[in-house]
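Please look at the sequence and the model together, and follow the paragraphs below one place at a time.

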Amino acid sequence: MCGIVGYIGSRQAAPIILDGLARLEYRGYDSAGMAIFDGEHIRMKKAVGRLKVLENLTHGGETMKGCMGIGHTRWATHGAPSDINSHPHLNTSETIAVVHNGIIENYIPLKKKLTDKGYTFASETDTEVLAHLLDYYYKGNPLEAITKVLHRVEGSYALGILFAEHPDEIYAVRKDSPLIVGSSDDGCFIASDVPAILKYTRTVYYVDNQEVVKLGKDSLQFFSVDQEEITKEPVTIDWDANAAEKAGYEHFMLKEIYEQPKAINDTISPRLQGDNVVIDELHMTDGELAAVKRLYIVACGSAYHVGVTGKYVIETLARIPVEVDVASEFRYRDPIMDENSMVIVISQSGETADTLAALRESRSRGAKVLGIVNVVGSSIAREADACLYTWAGPEIAVATTKAYSAQLAALYMLAIKLALANETIDSARAAGLIKDLRTLPDQIELLLGQKEKIQRFANRYVGAKDIFFIGRGIDYAISLEGSLKLKEISYVHSEAYAAGELKHGTISLIEDGTLVVAVSTQPKLYQKTISNIVEVKARGAFVMAVTNEENKAMEKASDYCVYLPETDPCFANSLAIIPLQLFGYYVAVGKGCDVDKPRNLAKSVTVE
């Protein structure tokens, strides 16, 4: 959540910080601010609302002169959105400035301690505690003060810190909240994510947990929490700089929906070799894969829905029992694992706090952990035993589309690999699956060609209050994601149900005209789903069906039908989700919603 950008160098800092924060707007925020050192004093400006308010307040940064500064976009956690609660926060003498992503869990006792020592607080935030605590421990050595603070605070944090008495230094600190630093000929940068500084440098360093970075105009030094210097190697970012731009699309989300064929193709192509799946990143032989007797898939949000699909596909093909857990609950149910268990954690950013905690819990119990992530060098990528990257490129819209599809493709390949290792499918079946997998990008292109048809239908439901999604087996997993896409960007209340469960109470909510989206891609379950459609239509529902071209009986049973190209039933999610993504998108557009930055949501959830 939130965004941090900092700069020190030979150029004016404020315009660079504003530009960087603008590139992090997809993370979600409700206020923004900057602190710039002008050569004598730390000057600060902050404001509630969109970044444009801060830009106007500072005339694009022109009124805040100085070559060193930090900036922040905030989602309110402690204290409502207000100018006072916005970041940065200062100590009383205004000689130390702090920006912070994360949550300080023990801020109340720390605040009491500082209040007892005469410190006064202007805001309701946990972050202001850090500014005063730094002041309390500062005796002329910033690194010493910072490490003393780190030994006393509990929680998650990414920090950018200025000390007026050290005009040639910025400090960056990280624990369980993403942070990178970068360097160029013009200076050095801190940022929450790569897009913020990609315009200025492709040389970045990933900051590990409880590390402190001292940034100079042309130098970077890394320290442990015990003030011991650390050597780090840079990473060169090879993203296309234009990949994070809209390229003529009205919204990033629509652009990313259209990028799904490429995301899938880029993810599968290096790993499909002839009629075989080669995943070198696993670092496991077929014998070691066959020794895995239980899988746990752990994730949040859309990635969790990928896991639900993965359970059906892996159990069908490889005959290995799979448990799927919401990451925030995984640790607290005391999961039972042994050396024959493997945990798969899925995260677009590789920084999702609950998923990262589940990874660490799993490793502490002796389980092997595979990460499926989209961001090279992210925390999950570094801490997992093995990492299977999805090559979706930067995803800017808060509502995931192409990263979701790339994650599905990664799990499909893993399922085939496990099945071959366990000899639960033969080479002919594997060859057929791989052929269908290679065909998915072209089939998605065909479905995207129906967007006008979906748009016309979506326009009818701009005023809808409740929409229900139903399906069985994999179709239930598809329904979960279709429902989430709709409600997170359009704010229409929506629920997804296993179709057979609908009649156990929830069918009482169906009224005349209520839209029910019925997903039916599994041939063995066609008739079961049609029976459920008959039940909701008897209560007045209008039914939109998403089904395969062969299922002609669905046209008579439903009111409106979207047909999918033929693929193996295991891969149906990758096709069925396309019309559901478009439906949610066009409902949101019709309502005038901020599609790329829906209210109250953030791209990367880095706090529990």
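**A walk through the model**

D568 is buried, with a relative accessible area of 10%; buried means under 20% relative accessible area, exposed over 50%, and partly exposed in between, with a 1.4 Å probe and protein chains only. This is a predicted model, in which local features need pLDDT of at least 70, side-chain atom pairs count only at pLDDT 80 or more, and totals for chains, interfaces and linings use all residues. Residues are numbered from 1 along each chain as its sequence is written, and side-chain values use heavy atoms, with hydrogens and water left out.

D568 lies in the loop between β27 and α19 (572-591). Helices (H or I, at least four residues) and strands (E, at least two) are DSSP runs, numbered from the N terminus. Leaving aside residues up to four places away in sequence, D568 touches R429, L433 and D436, where contact means heavy atoms within 4.5 Å. The side chains of D568 and R429 are joined by a polar contact of 2.7 Å. A polar contact is a pair of N or O atoms within 3.5 Å; within protein, one must be able to donate a hydrogen and the other to accept it, and residues adjacent in sequence count only if both atoms are side-chain atoms.

Five strands form an open sheet in the order β24-β23-β25-β26-β27, with parallel pairing; two strands pair if DSSP finds at least two bridges between them. The edge strands, β24 (493-498) and β27 (560-564), each pair on one side only. Strand β23 (residues 466-471) pairs with β24 in the parallel sense over six bridges, and F469 has A496 in β24 as its bridge partner. Helix α15 (residues 451-459) packs on the sheet and touches β25 (515-520), β26 (542-548) and β27. The direction of α15 makes about 150° with that of β27; axes are lines fitted to C-alpha atoms, for helices over the stretch in contact, and angles run from 0 to 180 degrees between N-to-C directions.

In α5 (residues 142-150), seven of the nine residues are buried. These buried residues pack against α4 (127-137), β7 (155-163), β8 (170-175), β12 (211-215) and β13 (220-224). At the start of α5, a side-chain oxygen of N141 comes to within 3.0 Å of the backbone nitrogen of L143.
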